[in-house]
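Here is a short briefing to read beside the model.

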Amino acid sequence: MTSINHHYDIETDMRYLSLLSQSFPTIADASTEIINLEAILNLPKGTEHFLADIHGESEAFQHVLKNASGNIKRKVNELFAGDIRESEKKDLCTLIYYPEQKLELIKAAESDIDDWYHITIHQLVKICRDVSSKYTRSKVRRSLPADFSYIIEELLHERADDTDKAAYVNVIVNTIISTGRADDFIIALSGVIQRLAIDQLHILGDIYDRGPGAHIIMDAMQRYHSWDIQWGNHDILWMGACAGNDACICNVLRLSLRYANLTTLEEGYGINLVPLATFAMDVYGDDPCEEFLPKLLKGNRMDEKTRILTAKMHKAISIIQFKEEARIFARRPEWDMNNRSLFNNVDYERGVCTIDGKEYEMTCNHFPTIDPNNPNRLTPEEEQLMKRLHHSFTVSEKLRKHIRTLLSHGCMYAIYNSNLLFHASIPLNSDGTLKEVELYKGKKYSGLQLMLNTGMLIRSAFENDTEPEERSYATDYFLYLWCGKDSPLFDKSKMATFERYFLKDKETYKEEKGNYFRLRDNEEICDRILDAFNVTGPNRHIINGHVPVHASNGENPIKANGKLMVIDGGFSEAYHKETGIAGYTLVYHSRGFQLVQHEPFTSAADSIQRGTDIKSTTQIVEMSTHRMLVADTDKGAELRAQIADLKELLYAYRHGIIKEKR
């Protein structure tokens with residue numbers, strides 16, 4: 001055998017092996033761990049679940065988590081095909097998704113509840129045994145609730161069809177029922193099934209805006225077992241608001257008012273909107289604010305008085321937003337965005353706005369807070385209002401906690417198992433080469449370095465030891481990420497918010513998409529991006545969201561000959577008319593990729609009462625020729641490296657280089 005330093009420098013090697021020996025102090029310990037890791041390499045690959053653009057739709061999101069994009073229903077159909085009726089399968093699935101609520105309905109209707117308990121517990125154990133088969137016993141054990149850990153483990157590893165153990169298993173089940181713990185046990189077992197159905201959840205951005213429950217989603221994510229997020233433009237907007245960017249605060253408020261969604265602001269984060277309402281009534285009391293009437297989505301009831309007040313608040317904050325943005329654009333001339341300060345281009349007497357030398361008629365000309373000689377200056381009342389709103393956002397402990405969660409679980413991009421994940425785009429030149437984008441102090445980056453350094457700049461806005469000048473730039477930069485033409489989270493010629501509110505000519509509303517969106521159906525371009533991010537493997541992909549897929553118009557979410565998958569089909573109800581569907585999710589299990597197309601979700605209550613589920617169409621994207629094992633994944637590569645290190649430690653023990661600690 002070669003000497004101990006055949007892999008490492010001898011000093012580094014000895015320091016590392018000494019540290020490793022503290023965790024594995026004997027030959028037996030090191031050998032046992034090698035055996036354990038070798039065994040894990042031969043388990044089936046865990047199931048990954050990809051979601052994007054959730055946009056506050058907490059009920060639909062939580063349902064998709066509970067049913068694992070149909071993965072649990074598929075398991076139930078496979079395990080009980082021909083054994084139980086379709087209606088019973090549906091009830092069993094609903095019980096797993098919503099055990100507490102479904103149990104109440106069943107107990108009210110079931111004549112022999114003990115018999116039902118006995119049958120159902122055996123069925124749930126069978127499902128749990130199937131979903132746990134991909135994992136080691138120790139990993140399954142860590143997933144079990146403390147109250148029932150021992151009992152569930154016994155049931156998972158004993159089979160009722162083993163005649164020697166049938167009586168043992170039946171006694172366990174009977175005792176659970178006779179001691180009055182059946183409900184608690186079913187609830188616990190359903191939670192374990194949900195937990196083990198998905199090994200890793202990937203969220204490709206945009207938890208926030210439009211829907212009413214972004215804070216509920218974030219609460220759920222704080223409890224979720226294993227997940228990551230690639231930040232989206234709407235997430236960045238809320239991160240900017242939390243960091244104290246006043247333009248981002250205005251945008252967050254504007255979007256919430258536009259979709260009549262104040263629940264997240266008021267109930268979720270305790271943002272006080274009374275000062276804005278008071279200001280809006282004082283300044284725009286006689287203005288009908290027709291362009292600012294909120295979009296009322298399904299189930300969002302609002303009386304006429306509240307609707308009119310919301311419109312006035314919407315206009316008030318929009319005017320302030322455009323002023324705040326203009327101040328930042330003036331402060332950051334290197335962004336080349338002063339042309340978006342459109343209040344500078346308005347002739348307030350004639351009611352026209354000049355863009356690129358052409359005059360456009362305005363929808364309204366009532367701007368009581370604008371001084372034509374200095375249109376971007378806030379009035380004293382607007383200044384006071386912004387101070388109060390700024391304070392409200394920056395001191396919200398719940399918001400800060402949720403943003404810290406996004407920072408700890410996320411970044412601009414991620415690479416998992418030969419898949420490159422990001423929310424929107426990678427800026428490209430017109431010829432498909434990677435575009436250089438300027439960041440702090442004039443430094444330019446493209447591709448991987450752009451995403452990496454953008455992520456670091458975002459984090460610097462929240463770190464206590466950041467230099468004041470850099471913190472100021474980082475805080476301003478949230479606005480560029482939201483609407484800058486070379487932002488990887490936007491990548492359009494402009495954000496035409498001003499035009500949509502104030503100009504009659506719809507030609508001005510057009511936003512030209514960047515080169516990435518024009519070229520992303522080209523396999524060669526996708527390969528170039530994957531190469532730039534050092535993504536290897538025979539079946540590598542780009543997976544992103546951001547742009548809704550117009551399924552009703554025949555658009556395919558699979559692009560570039562299978563190299564690119566776009567999984568934003570429109571979770572948000574605001575997109576349903578446009579896309580014809582309610583979103584895509586992607587499942588990557590040991591046999592390959594499955595793309596799941598969802599129809600709109602009714603409600604959790606409807607699912608519990610009538611057993612309705614999200615109607616889904618599953619499209620097989622790519623199936624593996626063999627069942628993928630942990631050995632085929634990134635985790636497998638890590639485990640092989642650990643095994644090699646442990647073998648080095650064994651060598652050191654056996655040759656007396658390091659002494660065992662018996």
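Helices (H or I, at least four residues) and strands (E, at least two) are DSSP runs, numbered from the N terminus. This is a predicted model, in which local features need pLDDT of at least 70 and side-chain atom pairs count only at pLDDT 80 or more, while totals for chains, interfaces and linings use all residues. Residues are numbered from 1 along each chain as its sequence is written, and side-chain values use heavy atoms, with hydrogens and water left out.

**Overall build**
- The protein chain holds 27 helices and 17 strands.
- Its radius of gyration (taken over C-alpha atoms) is 28 Å, close to the 26 Å from the globule rule (2.2 Å times the number of residues to the power 0.38) for 662 residues, so the chain is as compact as a globular protein of that length.
- The C-alpha trace of the protein chain spans about 95 × 75 × 45 Å along its principal axes.
- Of the 662 residues, 56% are buried; buried means under 20% relative accessible area, exposed over 50%, and partly exposed in between (1.4 Å probe, protein chains only).

**Nonpolar cores**
- A nonpolar core is a set of buried Ala, Val, Leu, Ile, Met, Phe, Trp, Tyr and Cys residues joined through side-chain atoms within 4.5 Å.
- The largest such core has 181 residues, and Ile207, Met239 and Phe502 have the most contacts inside it.
- A second, separate core of 18 residues includes Leu17, Leu41, Val630 and Leu649.
- Beyond four places in sequence, Phe502 is in contact (heavy atoms within 4.5 Å) with residues including Phe292, Phe322, Phe343 and Phe367.

- His49 is found in strand E1 (residues 48-51), and at 0% relative accessibility it counts as buried.
- Among the residues that His49 touches, leaving out those up to four places away in sequence, are Val64, His202 and Thr585.
- Helix H12 (residues 214-223) has the buried residues Ala214, His215, Ile217, Met218, Ala220 and Met221.
- These buried residues of H12 pack against several elements, including helix H3 (58-67), strand E2 (200-203) and helix H19 (397-409).

**Two positive phi values**
- Most residues other than glycine have a negative phi.
- Asp336 has a positive phi of about 60°; Asp336 lies in the loop between helix H17 (304-331) and strand E4 (346-347) and counts as exposed at 59% relative accessibility.
- Ala560 has a positive phi near 55°; Ala560 sits in the loop between strand E13 (558-559) and strand E14 (564-566) and is buried, with a relative accessible area of 2%.
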